[in-house]
Amino acid sequence: METIATPMMWAVFAAFVLAALAVDLLVLRQNGPHKVSTREALTWSAAWIALALVFNAGLWWYLQGRLPDGEADRIAMEFLTGYVVEKALAVDNIFVFLMLFTYFGVPAQSQQRVLILGVLGAIVLRAVMIFIGAALIARFHWILYVFGAFLLFTGIKMVVVAGKEPDMDSNPLLRWLTAHVPLIRRYRGEALWIGQGSRRKFTPLFVVLVMIAITDVIFAVDSIPAIFAITLDPFVVLTSNVFAVLGLRALYFLLADLADRFHLLAYGLAAVLVFIGAKMLLIDVVKIPIGISLGFVALALLSAMLASLWIRPRPQSGPVAGIEPPR
C-alpha cells in the first residue's frame, strides 16, 4: 500500500484523535447525562469541523517542500473532498439513529452515551475496513470496478426507497434479539444491563446500541468504497473518515430537530453515490479532477437542501410503530 504517511505522521494523527476523544469524554463526564441544546450541539459541531480543517492545514503545511510541487495541494484537496463526502453520508446515519431513538423511546439524557459508544466503535470498525480495502485494491485493481458498481446500485436503490418508512417490527435483527436475549422493558438510567451471570438481563438501551453498531457496519460498506474513488492513500482515507465520524454525536443533536425539513436530502446523497460509483467505473478511462468532484458533491447536497425548503413533504399515512417509552 503506497502512502504519503511516515510512522511519525501516523503517530501524530493517533495522538491528535486520542486527545480529541479524551477532551470530549471529559466534558461529557463533567456535564453528566443531560438533554443537549441546539446551541451546545452547534458549538461542538463547529469545533469538530474546525478541528478537521486545522488538521488538513497542518498536513498541507507539513507536506509543502517534502513533496513535488502541487502534491501538497492535491492531498489537502483530497482530504477535504473525502471529509465532505463522509460527513454527508454520515447524515443518513443520523436520520436512522433518530428513527431508532424514537422507536425505542430513548430518553434524551441517555442518547449521548449510546452515541459516544457508537462513535468509538465506528472508528475501530472503519480503521479495520479501510486497511482491508486498501490491501485488496493494492493487490486486485479490478475491485475498484466492484466498488463502483456497488455504489451505483446503492445510489439508485436510495432513490427508490426515499421517503419510505422502514418497518422496524419486521427487522430480522431486532426480532432475533427480542427472541434470544433476556430483556427488560424499562430503562435503568444509562445502564446497558442489570444483574450478573445467568441472571443478567439487558435494557432497551443495549438493544439500541447493537442496532446502531449494525447500522454503522451497513453504512460503512457504502461510505468506505466512496472515499476510495477520491484517493487510494490509506492515510488520507482513514484521517478524513475518522474526522467525519468524530463529530457525529454533536451533528446528531444539531440535525435531530431538522430531519423533517430536509426530507429530500436522501436524493442528494443518492446523486453523490451515483456520481462516485460512475467515477470509479470510469477510473481507467477518464480522470475527473478532484475539484470537480468536490463541486458536484457540494452542489448536489445544497440543491437537495434548498429543494427540501421549497417543496413540502408528503403527509405521513400513519404513525411509526415503536415501543412505548418507559414511564
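Buried, in these notes, means under 20% relative accessible area. I'm working from a predicted model.

**Leu-265**

I started with Leu-265, which sits in helix α10 (residues 265-281). Its relative accessibility comes out at 7%, so I put Leu-265 down as buried. Next I looked up what it touches: leaving out residues up to four places away in sequence, I got Val-91, Phe-95, Leu-301, Ala-304, Met-305 and Ser-308. I also checked Leu-265 against Ala-300, which is 35 residues off along the chain; their C-alpha atoms are separated by 9.0 Å.

**The core**

Then I went to the largest nonpolar core, which has 98 residues. Phe-104 and Phe-228 have the most contacts inside it. Which helix gives the most to this core? I found that α3 (residues 71-104) does, with 16 residues. For Phe-228 I listed the partners, again skipping anything up to four places away in sequence: Ile-130, Gly-133, Ala-134, Ile-137, Phe-147, Val-237 and Met-280.

**α3 against α7**

I looked at how α3 packs with α7 (residues 204-228) and noted an angle of about 160 degrees, with the axes 10 Å apart. Angles over 145 degrees count as roughly antiparallel, so that is what I wrote for α3 and α7. The crossing is right-handed. On the α3 side, the contact residues include Gly-82, Val-85, Leu-89, Val-96, Leu-100 and Phe-104. On the α7 side I picked out, among others, Val-207, Met-211, Thr-215, Phe-219 and Ile-227. Sorted by type, the residues of this contact divide into 15 nonpolar, 4 polar and 3 charged.

**α9**

Is α9 (residues 248-255) enclosed or open? I went through it residue by residue: 8 of the 8 are buried, so I call α9 largely enclosed by the rest of the structure. Arg-249 is on the buried list, along with Tyr-252 and Phe-253 among others. The buried residues of α9 pack against α1 (7-31), α2 (38-63), α3, α4 (108-139) and α8 (234-246).

**α4 against α9**

Of those partners I followed up α4. The axes of α4 and α9 come within 9 Å and cross at roughly 140 degrees, which makes the pair oblique. From α4, I have Gln-111, Gln-112, Leu-115, Ile-116 and Val-119 in the contact; from α9, Leu-248, Arg-249, Tyr-252 and Phe-253.

Notes
Residues numbered from 1 in each chain as written. Predicted model: local features only at pLDDT ≥ 70, side-chain atom pairs only at ≥ 80, totals over all residues. Heavy atoms only, no water. Core = buried A, V, L, I, M, F, W, Y, C linked by side-chain atoms within 4.5 Å. Buried < 20%, exposed > 50% of the residue type's maximum accessible area, 1.4 Å probe, protein only. Helix = DSSP H or I, 4+ residues; strand = E, 2+ residues; numbered from the N terminus. Contact = heavy atoms within 4.5 Å. Axes fitted to C-alpha atoms, helices over the stretch in contact; angles between N-to-C directions. Parallel < 35°, antiparallel > 145°, perpendicular 65-115°, else oblique. Left-handed = near helix turned anticlockwise from the far one by under 90°. Nonpolar A, V, L, I, M, F, W, Y, C, P; charged D, E, K, R; others polar.
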